[in-house]
Amino acid sequence: MSVVQRGPAAAKAVSPPLPARRRSTGPAKAVVIIAPLALTIALGLWGIRRKNTMWGDESVTYQLAQRDLSQIWATAQQIDLVHALHYTVMHGIFGLFGEGLLALRLPSVLAMAAAASGVALLALRLAGPRAGLLAGLAFPLLPQVQKYAQEGRSYALVCALVTWATYALVTAVPRRDRWRWALYGLTMLLACLLHEFAVLALVAHGVTLIVSRVPRPVLRAWGVTAAVVVAGLLPLAIGSAGQSGQLSWIGGPVRPHYFLVVATVGVACARAPLGVKGPVRLTALAVPILVLPGLLLLIASLVKPLFVDRYVLYSNIGIALLLGAWMDYVHRLRRSSRAAWIAVVAVLAVLLPASVSLRTPESRSNDATAIGATVRKEGRPGDGLLYLSGQQRILTAANPEDTRLLTDLALAQDPVSSNTLAGVELPAHEIPARMLDFDRIVAVRDPAGAHPPANPQDEAKTSTLRRHFREYATTQVNGARVTVYVRDTTHLGDRSRAGFELSALVDELGDSQGSLDAFAGATFVPMYEPHSPSPAKRCPLRLRDCAASWVFTSARTSPQPWPVSQCGRPAARSRN
């Protein structure tokens with residue numbers, strides 16, 4: 001009897017299993033948070049400079065963050081209002097840490113590291129420590145996450161805010177504390193103010209709660225919070241609607257293949273019994289945030305193209321959660337660990353080339369640094385500079401030294417003083433006259449096959465180049481072509497054309513002393529176009545610069561100097 005009675009008493013004396021599990025998950029929770037954080041920072045710092053280059057969108061951030069707050073706000077009233085908050089944040093960071101590529105990109109690295117820890121905590125709460133660790137480690141390995149962790153734009157910050165808003169939502173469902181709902185709403189509002197399409201995550205959260213069949217008070221609390229977020233976003237949405245022309249470059253879905261692949265993989269993983277029972281199941285949370293934002297943008301693109309993969313970067317939260325929980329499920333099946341390790345090594349081997357490629361300048365759609373450097377290399381002091389699309393001026397504005405010695409032929413007001421991104425150009429009818437004042441023009445053009453000019457200014461530039469200039473040399477760079485144009489001399493006489501031929505010859509020989517010796521005994525006479533209203537410009541500083549303005553004739557074949565020039569002054573003749 002006593003033995004039978006002592007058995008239950010002893011059982012009651014034993015510590016309940018739940019507290020024991022909580023004590024054991026303490027160290028595991030620390031590892032779950034720190035390991036993904038450390039991996040994301042390590043991957044983010046690897047090749048963060050990208051060979052000291054930046055692409056066009058980063059160049060915009062770099063330029064606007066250096067303006068005063070009043071200038072940022074004035075510019076946002078005309079263009080890029082959706083990114084005004086991000087430019088303001090970067091302005092403060094530049095003020096604290098200085099300007100440069102590290103200051104430009106490091107906030108994205110840290111934001112993505114915070115997102116990785118948030119993903120790990122979500123999986124920990126919904127599927128356990130192992131799933132949390134695996135999900136947190138899978139997140140920074142995703143190619144899209146690696147790419148935008150190293151960009152000076154707002155997308156990594158949005159991803160981090162959506163991640164932690166999702167975590168606040170999951171913790172608010174069972175406890176129903178008002179401060180948790182307030183934290184959820186504030187975090188989501190900040191994410192939406194950084195980029196409007198973060199509001200699609202709000203839709204995904206609503207679907208999660210409906211599918212999870214949470215109590216009505218929870219749905220009511222979410223509805224009130226969502227309404228406050230939408231109300232806070234409304235002024236930005238109304239203001240940016242007038243700037244919808246910014247999206248005119250989207251001709252169709254941009255890089256939808258990644259979204260389609262990860263969505264398919266995620267849905268396949270969700271077919272397994274993942275996670276643990278609770279108010280919100282892992283699949284009910286992960287699948288909507290993975291699929292819905294991108295799907296809604298694709299559907300909207302049937303009316304107006306809107307889908308760009310980075311706009312729904314935060315959908316990677318869903319695929320990371322599903323991958324981590326699925327790997328934990330496979331591990332719990334007690335199948336061959338050797339096969340699991342082989343699969344892991346195979347996946348890493350596939351990801352490595354992509355990871356290396358993402359850290360090269362060619363991984364972006366253009367290279368603003370290379371375009372500016374090419375303009376600087378091809379241009380000569382006093383040359384004209386022309387952007388066949390006025391928006392291309394943004395690509396060279398990050399480093400003013402690249403264009404300092406050239407004359408921007410179409411520019412009426414610079415970007416800073418006009419509170420714009422690309423400046424204000426002259427009226428179309430004034431541009432040809434300025435172009436005809438120059439014999440040599442460096443033009444920045446769209447890549448081959450790009451769309452034709454879309455406004456009168458661009459059409460005037462293209463028409464004048466076609467009628468009065470010829471293409472001398474073209475350099476292909478990532479995202480643009482830099483072409484040197486010289487005056488077309490096919491309608492001129494032999495003597496006038498010789499001056500331009502001399503210019504090409506000097507290009508080959510350079511300005512060395514040997515070049516000068518090669519022209520010893522030569523006769524130089526001023527060159528004028530027979531039908532030109534004004535003489536060609538003269539530049540006595542360098543042989544290279546003077547070549548286009550002087551006709552070269554051999555002293556042996558033409559011993560007599562050219563007759564008096566059109567301006568009434570005798571032609572100059574070199575010593576024999």
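Predicted model: local features only at pLDDT ≥ 70, side-chain atom pairs only at ≥ 80, totals over all residues.

Biologist: Is Thr-225 buried or exposed?
Modeller: Thr-225 is buried, because its relative accessible area is 10% and the word applies to anything under 20%.

Biologist: How far apart are the C-alpha atoms of Thr-225 and Ala-182?
Modeller: They are separated by 7.4 Å, although Thr-225 and Ala-182 are 43 residues apart along the chain.

Biologist: OK, and what about Ser-315, where is that one?
Modeller: Ser-315 has its place in the loop between H14 and H15, and with a relative accessibility of 5% it counts as buried. Its C-alpha atom is separated by 4.4 Å from that of Leu-290, a residue 25 positions away along the chain.

Biologist: Let's switch to rings. How many aromatic pairs does a search of the whole structure find?
Modeller: The search finds 7 aromatic pairs.

Biologist: What sort of aromatic pair do Tyr-155 and Tyr-311 form?
Modeller: Tyr-155 and Tyr-311 form a tilted pair, 6.3 Å from centre to centre and with 35° between the planes. Tyr-155 lies in helix H9, residues 155-175, and Tyr-311 lies in the loop between helix H14 (282-300) and helix H15 (316-332), so this pair ties together parts that are 156 residues apart in sequence.

Biologist: Are those two tyrosines, Tyr-155 and Tyr-311, buried or exposed?
Modeller: Tyr-155 is buried, with a relative accessible area of 5%, and Tyr-311 counts as buried at 8% relative accessibility. Both belong to one aromatic cluster, which is formed by Tyr-148, Tyr-155, Phe-197 and Tyr-311.

Biologist: Which residue lies over the face of Phe-469?
Modeller: That is Arg-487, at 5.4 Å from the centre of the ring.

Biologist: New topic, helix packing. At what angle do H9 and H10 pack?
Modeller: H9 and helix H10, residues 178-194, pack at an angle of about 160°, and their axes are 8 Å apart. That angle makes H9 roughly antiparallel to H10, and H9 passes H10 in a left-handed crossing.

Biologist: What about H6 and H15, how do they pack?
Modeller: Helix H6, residues 101-127, packs with H15 at an angle of about 45°, and the axes are 10 Å apart. That makes H6 oblique to H15, and the crossing of H6 and H15 is right-handed.

Biologist: And H5 with H6?
Modeller: H5 and H6 pack at an angle of about 125°, with axes 10 Å apart, which makes H5 oblique to H6. The crossing of H5 and H6 is right-handed.

Biologist: Back to loops for a moment. What is the phi of Arg-213?
Modeller: Arg-213 has a positive phi of about 55°, even though it is not a glycine. Arg-213 is found in the loop between helix H11 (199-212) and helix H12 (216-241), and it is exposed, with a relative accessible area of 76%.

Biologist: Where is Asn-419 found?
Modeller: Asn-419 is found in the loop between helix H19 (415-418) and strand S4 (424-425), and it has a positive phi of about 55° although it is not a glycine.

Biologist: Last one, how many disulfides does a search of the whole structure find?
Modeller: The search finds 0 disulfides. As for cysteines, Cys-159 is buried with a relative accessible area of 1%, and Cys-192 is buried with a relative accessible area of 0%.

Technical notes
Residues numbered from 1 in each chain as written. Heavy atoms only, no water. Disulfide = S-S within 2.5 Å. Buried < 20%, exposed > 50% of the residue type's maximum accessible area, 1.4 Å probe, protein only. Phe/Tyr/Trp six-rings, centres within 6.5 Å; stacked < 30°, edge-to-face > 60°. Helix = DSSP H or I, 4+ residues; strand = E, 2+ residues; numbered from the N terminus. Lys NZ or Arg CZ within 6 Å of the ring centre and 35° of its normal. Axes fitted to C-alpha atoms, helices over the stretch in contact; angles between N-to-C directions. Parallel < 35°, antiparallel > 145°, perpendicular 65-115°, else oblique. Left-handed = near helix turned anticlockwise from the far one by under 90°.
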